[in-house]
Amino acid sequence: MRVTRILDLIVIVLLGVVLLMPRPDVTVKAALKLPTERRERVAELQARLVAQPDAVEPAIELANIYLDGHRPDWALATVGSILPAHEGDFRLHHLRAIAYADRFESAPAYEAATRALLLCERGDPEAGHPCSDADRGRLHLLTSTLRSVAGIDMRKDPALAKERIMESLHPIWVPKTGTKVKPKAKSAPAPAPAPAAPAPPAK
């Protein structure tokens, strides 16, 4: 009986090794392709969210890191977990718009961007983080760009989506607030030509 039990344990261990160990032809890759210090930061932020599930700042930072690591699904899950408690924070909807756009889902991306811009324009300080002029400018650009592709399936027709996006992006130059254009210095007038010497009298 004792030998049988030992054999059963050995079989279980061997099965665990076979099932859990990757095959030799499998290439193991990191789930989040980021520098080591940023992956360590992810662990810190996740620990903070476990202790404070409704904390906005660590959730926003974590979602941004996920977007940098090309993990829009993780960003959506992070933002979605705290969104019901902070519906008025435009930054959460902004992140959702970017994440959906990264997933090539134009319709929900445009909807989230429109909601973010509306909250930003409303300017309610009690609803969330105050919206600066830079935030407003980014949201206007994002919303207008996503509006141009809202009815396009970007997965099936990426060429048309790219064409519409390029049409909606018009590079402009905006001077900094408070800067003055210096007038050009006037050039000194050219000196008058010297009078010609009189001709010598004829002999």
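Modeller: Helices are DSSP runs of H or I with at least four residues, strands are runs of E with at least two, and both are numbered from the N terminus. This is a predicted model, in which local features need pLDDT of at least 70 and side-chain atom pairs count only at pLDDT 80 or more, whereas totals for chains, interfaces and linings use all residues. Residues are numbered from 1 along each chain as its sequence is written, and side-chain values use heavy atoms, without hydrogens and water.

Biologist: What is the mean pLDDT of the protein chain?

Modeller: pLDDT is the predictor's confidence in each residue, from 0 to 100. In this chain 64% of the residues reach 70 or more. For the protein chain, the mean pLDDT is 76.

Biologist: Where is aspartate 54 found, and what does this residue count as by relative accessibility?

Modeller: Aspartate 54 is found in the loop between helix 2 (36-51) and helix 3 (56-68). Buried means under 20% relative accessible area, exposed over 50%, and partly exposed in between (1.4 Å probe, protein chains only). Because its relative accessibility is 46%, aspartate 54 counts as partly exposed.

Biologist: How many Å apart in space are aspartate 54 and proline 84?

Modeller: Leaving aside neighbours within four places in sequence, aspartate 54 is in contact with Ile82, Ala85 and His86. Aspartate 54 and proline 84 are 30 residues apart in sequence, and their C-alpha to C-alpha distance is 9.3 Å.

Biologist: Which cysteines form a disulfide?

Modeller: The structure holds 1 disulfide (a pair of cysteine sulfur atoms within 2.5 Å). With sulfur atoms 1.7 Å apart, the pair is cysteine 120 and cysteine 131.

Biologist: Why does cysteine 131 count as buried?

Modeller: Cysteine 120 belongs to helix 6 (residues 106-122), and cysteine 131 to the loop between helix 6 and helix 7 (133-148). Cysteine 120 counts as buried because its relative accessibility is 1%. Cysteine 131 counts as buried because its relative accessibility is 18%.

Biologist: At what angle do helix 5 and helix 7 pack?

Modeller: The contact is made by Phe90, His94, Ala97, Ile98 and Ala101 of helix 5 and by Asp135, Leu139, Leu142 and Leu146 of helix 7. Axes are lines fitted to C-alpha atoms, for helices over the stretch in contact, and angles run from 0 to 180 degrees between N-to-C directions. The axes of helix 5 (residues 90-102) and helix 7 are 12 Å apart, at an angle of about 35°.

Definitions and conventions
Contact = heavy atoms within 4.5 Å.
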